[in-house]
Amino acid sequence: MKVLMVNGSSHPNGTTCTALLEIGKTLAQEGIEYEIFQLGAAPIRDCIGCGRCNEQGCIFADDCVNSFLSLAKEADGFVFGTPVYYAHPSGRILSFLDRVFYSGDKIFAHKPGAAVAVARRGGTTASFDVLNKYFGISQMPIVSSTYWNMVHGNNGEEAKLDAEGLQTMRNIGHNMAWMLKCFAAGQEKGIPMPATEQGQRTNFIRL
Ligand SMILES: Cc1cc2nc3c(=O)[nH]c(=O)nc-3n(C[C@H](O)[C@H](O)[C@H](O)COP(=O)(O)O)c2cc1C
């Protein structure tokens, strides 16, 4: 079993990474593999709503969206981590996730996800809410913790001083591992995947 995490910061070793590594450490203790996918500092396009998503994912192949989708197919769970910018997630992770989910949402159905927001001081719960919405529309069970999933610090070293934040991250790891093991046990017992309906797209109602 493997959890794929996204570092939505351009800092590969900053606060977001410290938070994700704490989750990863716990997952490893629980016998679950993990990988941190770094968005890095290179430009990431926004979705232009062209509707030309294809088998590979997004029509634009000049950034990391499609390589992430390939990894996501093999992953069993996800953690999306973001720094707070002006009380919202980084534009980088929103551009990335809009294209990932618009072109590949089926990959994520019934795989658990957790969102993490880090900040110097404020805007974490608003950012956390935004990331959770990708899970909510994609049939993804949401992994919670013992506080809302946030770590405070202005950089990776400061984040290590937020004892409650790190505890919250470890508990995401424990809860994610438990959920993955329960799903695997259910599959072994032959419990079928949910028969969810598709097809209705009621954009507006005509009386
Ligand atoms: C453009 C920008 C906007 C920011 N806005 C906020 C904010 O609204 N609230 C806050 O507490 N910190 C804010 N910060 C600080 C970062 O959230 C904080 O430094 C965080 O630890 C960075 O995470 P990283 O090291 O993973 O990039 C902002 C930083 C930048 C660069």
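How many residues does helix 1 have, and how far does it reach from its first C-alpha to its last? The views below come from a predicted model, where local features need pLDDT of at least 70, side-chain atom pairs count only at pLDDT 80 or more, and totals for chains, interfaces and linings use all residues. Residues are numbered from 1 along each chain as its sequence is written, and side-chain values use heavy atoms, with hydrogens and water left out.

**View 1. Helix 1 from end to end.** Helix 1 covers residues 15–29, so that's 15 residues reaching 22 Å, close to the 21 Å expected at 1.5 Å a residue. (The expected span is 1.5 Å times one less than the number of residues; helices are DSSP runs of H or I with at least four residues, strands are runs of E with at least two, and both are numbered from the N terminus.) After the helix comes Gly31, with a positive phi near 80°.

**View 2. Helix 1 is mostly tucked away.** Of its 15 residues, 11 are buried, so the rest of the structure largely encloses helix 1. Buried here means under 20% relative accessible area, using a 1.4 Å probe and protein chains only. Among the buried ones are Cys17, Leu20, Glu22 and Gly24.

**View 3. Helix 1 crosses helix 6.** Helix 6 takes in residues 163–188, and the two pack at about 45° with axes 8 Å apart. Axes are lines fitted to C-alpha atoms over the stretch in contact, and angles run from 0 to 180 degrees between N-to-C directions.

**View 4. Helices 3 and 4 side by side.** Helix 3 (residues 91–104) and helix 4 (residues 124–136) pack at about 10°, with axes 11 Å apart. They are therefore roughly parallel to each other. Ile93, Leu94, Leu97, Asp98 and Phe101 of helix 3 touch Val130, Leu131 and Tyr134 of helix 4.

Conventions
Buried < 20%, exposed > 50% of the residue type's maximum accessible area, 1.4 Å probe, protein only. Parallel < 35°, antiparallel > 145°, perpendicular 65-115°, else oblique. Contact = heavy atoms within 4.5 Å.
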